[in-house]
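Trainee: I have a new structure open and I'd like to go through it with you piece by piece. Can we start as soon as it is on the screen?

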Amino acid sequence: MTTLHVPPLPGPADPAPPAAAAPAAPAAAAPGADLSVWPASTTPLAAGDLAVAGVPLTEIAERFGTPAYLLDEGDVRARCRAYLRAFKDAEVLYAAKAFLCRAMAHWIADEGLGLDVCSAGELELAVTTGFPADRIVLHGNAKSPDDLRAAFRLGVGRIVIDSASEIARLAAAVPPGSRQKVMVRVVPGIAAGGHAKIRTGTDDQKFGLSLTDGSAQHAVARVLGQPTLELVGLHCHLGSQITTEKPFLCAVRRLVGLMARIKDQHGVTLPELDLGGGHGIAYRPGEDVLDIASLARKVRAELTESCAAAGLPVPRLVVEPGRAIAGPAGVALYRVLAVKRTSGRTFVAVDGGMSDNPRPALYGVRYAPRLVGRRATAAAEPVTVVGRHCEAGDILASDVRLPGDVRPGDLLAVPVAGAYHLSMASGYNLVGRPPVVAVADGHARLLVRRESLEDFRGRDVGL
């Protein structure tokens, strides 16, 4: 299937000063080198280096240290535009949980996308950056009082109801004299996603209200009975890393069927249908991805046909990509600290690990790290790239091929690191979370600074 591979587009001018030395001239890629999962602006340089958006990776490592995350602003913007082109007449919301910072919120707003958030923290960060609150949707299977207070205070556009127990609580919290737009999250009974822990369209997990047992229909009736709530649509999210269109088309049919029953039973025609996100991307060359243009065409056709058969007007479609926008735009940089050769395996230990990327430990995700910054002469050998943390499961990449002469001090780069890395990072071993550096038009600038020992000390207020 074709990938969502788009050329980088220039972002706004970067006020940061250019590097003292001009980047090295582009060099021919090494035989067998595959940059298909790297940001579209990636180019090979002399001496084994790579540049993203015109900035050498070695320069990023020298200026900002390692571990560090690089984010290609042009790649992010281009992916936003590709979604808007594919999903014409639909609303595209960026899923903030994939990665959010002030600059990311600005890029998303600037490109015309909305935002979906899962907490008061994500909501406050976006709105205080200037993101329009009415273009934000609040999700969450267990929204806290702080989440709801922030949503009402800031004027969030829509709130997704995830359980029957929150209906009365939400209705009672709406400020006097106003109505809150809400959606009901429906579990359509569809198994989809790259791992059991990220499949959310079935009845055996914590999210949503079941279509099968009638919970969704009952919740809809209760919401319609609340004068402070305005039901504007149905929502579903099937899972993550979905690489075929079929589950989405099945979801359309089932949710349109529910919309038809709502009209028959309550006389209400819902104007919106949110299919969530979960659009799969490739982490290694050759992996399957979801063809976004094809998905948009087929979903639109299925929605039109299903609504015609049910005698319904076509609702406005909403989609929520996160990983598919941020993931391929990011690169993680690590410095090799140690190489250990045992009787059966070679371990390459780096200065990061599961505290900045827990996904391999959680889901068994596989990456394709690459040596950058020098031209290796040794043949590639299978190695396991591990982190520095006190866990045997602290593995970043198992059985990957790196030059046999990999050594301490080498720089490793891991592509497709823009989503669910820093957003899921922890303070394990008090190592500190890495910085995020944006690259655009040959310049690099710091977006999120490195977490320091001072940060840890400042939070530790007891004795």
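Trainee: Which residues of α9 are buried?

Mentor: This is a predicted model, and in it the buried residues of helix α9 are Ile292, Ser294, Leu295, Ala296, Val299, Glu302, Leu303, Ser306 and Cys307. An α-helix has 3.6 residues a turn, so residues three or four places apart point the same way.

Trainee: How many residues does α9 have, and how far does it reach?

Mentor: Helix α9 has 19 residues and spans 26 Å from its first C-alpha to its last, which is close to the 27 Å expected at 1.5 Å a residue.

Trainee: How do β12 and β13 run where they are joined, parallel or antiparallel?

Mentor: They run parallel and are joined by three bridges; Glu272, for instance, has Arg316 in β13 as its bridge partner. Going from β12 to β13 the chain passes through α9, and this β-α-β crossover is right-handed.

Trainee: Which sense does the pairing of β13 with β5 have?

Mentor: Strand β5 (residues 91–95) pairs with β13 (residues 316–319) in the parallel sense, over two bridges, and there Val92 stands opposite Val319.

Trainee: Let me jump to β8. Which residues lie on each side of it?

Mentor: In strand β8 (residues 158–161), Arg158 and Val160 are on one side while Ile159 and Ile161 are on the other, and all of these are buried, so that both faces of the strand are covered.

Trainee: What joins β8 to β7?

Mentor: Two bridges join β8 to strand β7 (residues 136–138), and the two strands run parallel, with Val137 opposite Arg158. Together with helix α5 (residues 145–154), β7 and β8 make a right-handed β-α-β unit.

Trainee: And how many bridges are there between β8 and β9?

Mentor: There are three, and the pairing of β8 with strand β9 (residues 180–187) is again in the parallel sense; Ile159 stands opposite Val182 in β9. Here the chain crosses from β8 to β9 through helix α6 (residues 165–173), and this β-α-β crossover is right-handed.

Trainee: What about the sheet with β1 in it, is that pairing parallel or antiparallel?

Mentor: It is antiparallel, in an open sheet of three strands that follow the order β1-β2-β3. The edge strands, each pairing on one side only, are β1 (43–44) and β3 (55–56). Between β1 and β2 (residues 50–52) there are two bridges, and Thr43 stands opposite Ala51 in β2.

Trainee: What is the phi of Ala53 near?

Mentor: It is near 55 degrees, a positive value in a residue other than glycine, whereas most residues other than glycine have a negative phi. Ala53 is in the loop between β2 and β3.

Trainee: Why does Ala53 count as buried?

Mentor: Ala53 counts as buried because its relative accessible area is 15%, and buried means under 20%.

Trainee: And Asp441, is that one buried or exposed?

Mentor: Asp441 is exposed, because its relative accessible area is 63% and the cut-off for exposed is over 50%. Its phi is also positive, at about 55 degrees, although it is not a glycine, and its place is in the loop between β20 (436–440) and β21 (443–448).

Trainee: Which peptide bond is cis, going into Pro67?

Mentor: The bond from Thr66 to Pro67 is cis, with omega near -5 degrees; most peptide bonds are trans. Pro67 is found in the loop between α1 (57–64) and β4 (68–72).

Trainee: Last topic, then: how many aromatic pairs does a search of the whole structure find?

Mentor: It finds two. Tyr83 and Phe87 form a stacked pair, 6.0 Å centre to centre with 10 degrees between the planes, and both residues are buried. Tyr283 and Tyr367 form an edge-to-face pair, 5.4 Å centre to centre with 80 degrees between the planes. That pair links distant parts of the chain, 84 residues apart, with Tyr283 in the loop between β12 and α9 and Tyr367 in the loop between α11 (359–363) and β16 (370–372). Both Tyr283 and Tyr367 are buried.

Trainee: And what lies over the face of Phe131?

Mentor: Arg135 does, at 5.2 Å from the ring centre.

Terms used. Residues numbered from 1 in each chain as written. Predicted model: local features only at pLDDT ≥ 70, side-chain atom pairs only at ≥ 80, totals over all residues. Heavy atoms only, no water. Pairing = 2+ DSSP bridges. Helix = DSSP H or I, 4+ residues; strand = E, 2+ residues; numbered from the N terminus. Phe/Tyr/Trp six-rings, centres within 6.5 Å; stacked < 30°, edge-to-face > 60°. Buried < 20%, exposed > 50% of the residue type's maximum accessible area, 1.4 Å probe, protein only. Lys NZ or Arg CZ within 6 Å of the ring centre and 35° of its normal. Right-handed = clockwise from strand over helix to strand, strands pointing away. Expected span 1.5 Å × (residues − 1).
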